Amino acid sequence: MSPVALQMSCVAGLLAIALLAIVLSRAASATAVVYGATLAICGIALFGALRSLIGGMNGPGLSLPIGLPWLGAHFRIDALASFFLVVVNLGGATASLYGLGYGRHDHAPHRVLPFFPAFLAGMNLVVLADDAFSYLLCWEFMSLASWALVMAHHREPGNANAGYVYLVMASFGTLALLLVFGLLAGPAGDYGFSAIRAAQHTPYAATLVLILMLLGAGSKAGLVPLHVWLPLAHPAAPSHVSALMSGVMTKVAIYGFIRVIFDLLGPPTWWASVVVLILGGITAVMGILYAMMEKDLKRLLAYSTIENVGVIFASLGLALAFQANGLKLAAALAFTAALFHVLNHSFFKSLLFFGAGAVLTATGERDMDKLGGLIHRMPLTSFVVLVGCVAISALPPFNGFVSEWLMFQAVLQSPELPQWALKITVPAVGALLALAAALAAACFVKAYGVTFLGRPRSTEAETAVEVDRYSLVAMFILAALCLLAGILPGLVIDALSPVAVEILGGAMPIQVNEPWLSIVPIAESRSSYNGLLVMVFITISASLAVFIIHRFASHALRRGPAWGCGFSDSTPAAQYSAASFAQPIRRVFGTLVFHARDHVDMPAPGDTRPARFRIELHDLVWEGLYQPIVGAVGFSADRLNRLQFLTIRRYLSLVFATLVTLLLVLAIWS
Amino acid sequence: MVVISDIIVQGVQMLLVLLLAPLLTGFVRKLKARLVRRQGASIFQPYRDLLRLLRKEVVLADNASWLFRVTPYVTFAAIWVAAALVPTFATGLLFNWTADLIAIVALLGSARFFLALAGMDIGTSFGGIGSSREVMIAALAEPAMLLIFFCMALVAGSTQLSTVANFMASSYIGLRVSLGMAVIALIMVALAENARIPVDNPATHLELTMVHEAMVLEYSGRHLAMIEFGAFLKLLLYISLIACVFLPWKIALFGTGPLAYTVGAAAYVVKLAVAGFLLALFETATAKMRVFRIPQFLGAALMLGLLGTLLLFVSRSF
């Protein structure tokens with residue numbers, strides 16, 4: 001079976017499971033059957049995609065007689081598609097495994113089960129599509145399936161609103177993509193990707209395509225200021241779906257961006273890279289600042305997704321800049337960094353959402369200010385989540401650091417760029433990325449510290465129990481992948497090189513032959529990093545310290561109450577909360593970015609009412625951009641509402657007037 | 001054979017930093033005491049402190065988790081590995097190729113990450129206030145440090161600290177605006193990262209005015225010894241870093257033999273003494289600033305780093 005046929009059969013299998021889930025619906029075994037079957041099929045698809053990526057087995061495309069009658073539907077696997085198929089199906093497989101345990105707690109499984117495999121099928125199809133029509137159709141299918149999953153628990157407060165905002169933004173994104181493919185197909189109207197690739201695109205059309213693609217793919221991926229739906233919709237879905245939406249669906253959007261801008265559009269122009277770089281840098285910093293202010297665990301993770309998408313876009317912007325100037329090696333470096341980060345983010349974001357889901361199952365809480373102390377109650381979950389937090393904070397020897405490191409190496413290659421705008425933009429964006437990385441570490445100290453450490457802030461947190469085995473296995477697999485990709489980055493870089501060759505025409509040097517499994521992007525004298533040795537050294541020196549201490553130092557240990565400075569605060573509410581942990585950073589950045597103000601209401605001496613503290617935060621993007629639009633739509637709808645209650649006479653005269661006006665326009669026109 | 005001698009030199013370097021780190025802190029403390037006309041403790045006092053802490057029992061808060069007990073070792077190991085990556089008396093050591101300047105920043109970041117988590121573990125307000133302020137300082141100091149390192153990397157054409165040091169030591173660099181900015185910014189960052197005056201006061205005993213000390217308030221006994229030792233090492237690391245890049249005088253180049261290594265080691269001790277003296281002088285002459293002045297201080301370092309990098313993007317000759 002050719003690789004594309006294998007993938008298409010897997011997609012067909014997923015769709016069949018979706019139908020089966022409708023039939024089974026309320027049966028008791030439905031959860032196990034559906035997630036078990038998706039796990040198996042995603043496993044097969046993952047295997048096939050890995051074989052295509054590493055073995056270079058891509059084979060011919062596949063054309064199915066569905067869709068538009070004169071066009072048909074075309075599907076094909078190339079290196080880029082196979083890489084993203086790996087991301088999609090790995091995410092799908094781990095989410096299914098997690099779902100086997102997590103799904104049992106769902107109070108309305110019939111609202112999730114049919115859409116889960118359909119959503120996976122949609123994401124696979126977007127990556128496989130080889131003509132514009134199929135692409136758009138699959139994209140829309142993916143959006144709708146994920147919308148249905150967002151609405152799975154539609155009675156919970158806020159979820160209906162989240163679904164509505166998501167639907168509006170998704171339609172807007174699809175509209176932008178529709179125009180993109182209209183422009184790319186040109187007047188001849190050939191929608192096949194190979195025809196689009198071969199065609200020449202005018203600079204004017206290329207500019208429009210870039211802007212529309214940033215709107216279309218950017219709104220799905222969560223680029224600021226199109227991100228507003230993401231922190232609403234991703235947390236609203238069940239946690240394993242949140243993991244798929246954050247860890248995988250944003251990557252499908254990035255796939256779309258790469259496919260159109262790098263592949264279909266032809267050679268890039270340098271100023272396009274400036275736009276992408278600036279958007280990426282701003283998105284990264286804004287995303288993580290939003291996350292820092294958040295106290296809802298799942299929303300914090302969703303905002304951190306926005307940060308990571310920004311990092312990936314900034315890296316892609318660098319790749320565009322190098323590619324436009326013919327610096328193939330540097331372009332490959334930046335591009336590989338972006339893809340590496342795509343992979344890494346799908347690992348640790350899925351892991352963290354699974355962790356948040358585990359906390360949700362155990363306590364029923366997403367609000368960090370009602371959690372705490374879970375490290376005692378859920379030791380295994382807190383261990384894997386700690387791994388995820390370390391990885392996402394870009395700390396060695398885990399995987400997040402490697403992609404960040406590669407990206408900084410790419411930034412250091414950029415003085416070679418001749419354009420002045422780029423010479424100014426790149427270091428500024430580099431500084432933004434460095435800031436985002438540091439803030440990410442702060443943010444995840446907060447997320448982990450408030451949720452898992454300290455004393456429990458509610459009875460739910462106090463009585464939490466460890467989650468089921470399936471969930472734990474899924475999380476441990478992802479944690480192991482985070483470590484493996486961090487200590488053996490050379491293997492990942494080598495696996496990515498066919499993608500870089502296909503898209504850019506150049507790749508990073510092969511890393512497998514480097515001594516001691518180091519990674520050397522350019523030359524050893526310039527930079528090298530060895531995750532494996534760093535881990536070994538840390539382990540050795542830590543064990544050495546432990547050994548010496550336990551050999552020679554006192555073993556005495558006594559438990560006692562914590563030092564309270566003479567006044568022990570008995571209530572756990574007096575601990576540092578999410579908002580108080582963020583206070584220093586809110587004061588430094590928030591006054592500018594969120595117009596943050598602290599209001600203290602201190603009663604006069606003698607007054608016995610409690611003192612109050614309130615934080616005022618403004619989402620300037622929402623207030624400045626979306627509220628005026630919402631207001632304008634509401635205003636015009638109110639005005640037009642009058643048309644609804646006219647007499648038949650007035651309607652007829654309106655129709656007549658319209659007809660006359662149109663005829664007049666036509667007459668004057670011609 | 002070459003590998004064995006490399007391992008020996010690397011081992012000597014790792015032991016040397018361990019041995020010298022408490023001495024440096026003791027030296028700075030002694031000088032500070034003498035500068036305000038106090039007698040001061042002996043410069044060997046930090047060794048005695050460490051030994052005394054090792055002999056004491058650990059008093060652990062009731063709800064301390066395993067993370068709290070593991071953190072001292074993780075922190076110490078991360079700082080020690082980072083210190084092993086910085087050339088002290090010789091460049092081109094064995095470890096130098098495993099990680100570069102960016103990795104050193106990240107290793108120190110790991111140490112801080114775990115320490116900040118440990119501060120949150122007990123669930124007292126002191127730990128929380130220390131951790132939240134520490135991450136605020138780090139959120140500004142880390143990007144500043146990365147930009148400073150970009151500056152150095154662009155001048156030397158490498159992010160390998162050994163190559164940078166070699167480049168600075170061997171060729172004539174001359175006065176560079178960008179490097180001038182980098183060294184000022186790096187000193188500012190080093191003061192903040194080591195919790196020195198004017199950012200934090202290592203000797204304060206008033207819980208609310210301190211950052212680093214508030215975070216580790218719950219530690220005692222052998223755990224505290226590891227954390228203190230880590231802090232000593234970190235100070236030494238920063239001074240070595242500044243010395244090897246901006247003052248590579250007499251540093252032994254790769255494979256130059258035992259004599260050059262001895263000279264390098266002697267020069268290194270002299271450099272540490274000079275840096276320690278300047279640090280003590282500076283700390284005695286300035287006052288600690290308010291916590292919310294720190295962002296301005298570190299913001300200045302960040303801007304200096306960015307400006308230096310920008311200048312190098314404009315022209316390599318700045």
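Two residues are in contact if their C-beta atoms, placed from the backbone, lie within 7 Å. The model is predicted: local features need pLDDT of at least 70, side-chain atom pairs count only at pLDDT 80 or more, and totals for chains, interfaces and linings use all residues. Residues are numbered from 1 along each chain as its sequence is written, with chains lettered from A and ligands numbered from 1 in the order in which they are written.

**Exercise 1.** Characterise the fold of chain B.

*Solution.* Step 1: chain B has 11 helices and 1 strand, where helices (H or I, at least four residues) and strands (E, at least two) are DSSP runs numbered from the N terminus.
Step 2: the radius of gyration of chain B, taken over C-alpha atoms, is 19 Å, close to the 20 Å of the globule rule (2.2 Å times the number of residues to the power 0.38), so chain B is as compact as a globular protein of 318 residues.
Step 3: of the contacts in chain B with a separation of 6 or more, 79% join residues 24 or more positions apart.

**Exercise 2.** Describe how chain A meets chain B.

*Solution.* Step 1: on chain A, 74 residues are in contact with 73 residues of chain B.
Step 2: helix 17 of chain A gives the largest share of the side that touches chain B, 15 residues.
Step 3: strand 3 of chain A pairs with strand 1 (residues 58-61) of chain B in the parallel sense over 4 bridges; pairing requires that DSSP finds at least two bridges between two strands.
Step 4: A:Gly560 stands opposite B:Ala61, in strand 1 of chain B.
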